[in-house]
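Please take a moment with the sequence and the model shown below before reading on. The paragraphs that follow walk through the structure step by step.

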Amino acid sequence: MTNHDNLFSTPIAQLGDWTFDERVAEVFPDMIQRSVPGYSSIISMIGMLAGRFVTPGSLVYDLGCSLGAATLAMRRNISAEGCRIIAVDNSSAMVARCRRHIDAFRATTDVEVLEADIRNVPIANASLVVLNFTLQFLDPVDRQSMLDRVFAGLNPGGAVVLSEKFIFADAEIGDLLFNMHHDFKRANGYSELEISQKRSLLENVMLTDTVETHKTRLQQAGFGHAEVWFQCFNFGSLIAIKPGATA
C-alpha cells in the first residue's frame, strides 16, 4: 500500500531544508505520481528503451535511482544475456527501500544498488545510462562534466536517457505550462499550501534548465543525436545516442 503524501501540509518552519530523507522516501511513490505529469509513461517507456539498447555483457546505470522504478522497468524488458544494472542514489533512506523493492522480484538480470554520489561512480562498458530527474539536483557547474563522463563510459551506439523539469525561454509558454503543472497537482489533491510550500523548499535545490541547454550539453559531450522523446507540460525526457563504431 502506498503511503499518502501530506508532507507539505506541515508548517514550513518544521520541515527544515529539503532532503531525500526517510520522510520523503516513505511517501515518494505517491508524491511523484501526483507531482510529475507523465511519470508512469516515462518509466514504462524507459523499460522499452532498455529492450532496444541494452546489449549482451554490458552494464546499465540508473543514476539517482530513488526507489528503483526505472531499474525495475529496465530489468523486466532486458532480454540480452550477461548484463548487470547498477542503481545509484546518495540517500540512505532511498537505497534501503530500493534494495527491498529489487529483492521482491526475481529476474535473470542482476542488480547492484549503491549508496554513493553519482559524480564519483565509475561508468564503463555501458549500453544504457538513465538520469531520471537527477541532473536538476546537481550543482549546475557539475552537469557538463557528469554528461562527459556518461558519454565516455558508454559503448558506441549506447544511449543516455535524461528526464528533467524544464524552463522555457518563451515566458508566455513557460507561464502557461507552469500553471498547467499546478492545475495537475490541484487535480491530484494537493492544497494551495502544499503546492506553495513544496515550491519554496525546492526553488534553491532543484535548478532547472531549458531543453536547448540540455541539448547543447549533450552535443558538447559528443552525442551525435539528442532529442526530446517525451514531454507533458514542463516535464519531459531526452534521449541521446553515442555514435556507433567506425569501420
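**A walk through the predicted model**

Strand β4, which covers residues 126-132, is joined by six bridges to strand β5, made of residues 154-165, and the two strands run parallel. Within this pairing, Val129 stands opposite Val160, a residue of β5. The coordinates come from a predicted model, which should be kept in mind throughout. In general, strands of a sheet pair through backbone hydrogen bonds, and they do so in either a parallel or an antiparallel manner.

Stepping back from this pair, the reader can find an open sheet of seven strands, whose order is β3-β2-β1-β4-β5-β7-β6 and whose pairing is mixed. The edges of the sheet are formed by β3 (110-115) and β6 (225-232), each of which pairs on one side only. If direction is ignored, neighbouring strands of this sheet are turned by 15 degrees against each other on average.

Although Gly244 and Asn155 are 89 residues apart along the chain, their C-alpha atoms are separated by 8.2 Å. When residues up to four places away in sequence are not counted, Gly244 touches Pro156 and Gly157. Gly244 has a relative accessible area of 48%, and because this value lies between the limits of 20% and 50%, the residue counts as partly exposed.

The charged side chains come next, and a search of the whole structure finds 11 salt bridges among them. One of these is formed by Asp209 and Arg143, whose closest N and O atoms are 2.7 Å apart. This pair links distant parts of the chain, since Asp209 lies in the loop between α8 (192-202) and α9 (211-221), while Arg143 belongs to helix α6 (residues 140-153), and the two are 66 residues apart. Both Asp209 and Arg143 are buried.

Another salt bridge brings together the side chains of Glu227 and Lys215, with a distance of 2.8 Å from N to O. Here too the pair links distant parts of the chain, for Glu227 is in strand β6 and Lys215 is in helix α9, 12 residues apart. Glu227 is partly exposed, with a relative accessible area of 42%, and Lys215 also counts as partly exposed, at 21% relative accessibility.

The side chains of Arg186 and Glu192 likewise meet in a salt bridge, at 2.5 Å from N to O. Arg186 counts as partly exposed at 36% relative accessibility, and Glu192 counts as partly exposed at 48%. Elsewhere, salt bridges connect Asp117, Arg119 and Asp142 into a network.

Technical notes. Residues are numbered from 1 along each chain as its sequence is written. This is a predicted model: local features need pLDDT of at least 70, side-chain atom pairs count only at pLDDT 80 or more; totals for chains, interfaces and linings use all residues. Side-chain values use heavy atoms; hydrogens and water are left out. Buried means under 20% relative accessible area, exposed over 50%, partly exposed in between (1.4 Å probe, protein chains only). Contact means heavy atoms within 4.5 Å. Two strands pair if DSSP finds at least two bridges between them. Helices (H or I, at least four residues) and strands (E, at least two) are DSSP runs, numbered from the N terminus. Axes are lines fitted to C-alpha atoms, for helices over the stretch in contact, and angles run from 0 to 180 degrees between N-to-C directions. A salt bridge is a side-chain nitrogen of Lys or Arg within 4 Å of a carboxyl oxygen of Asp or Glu.
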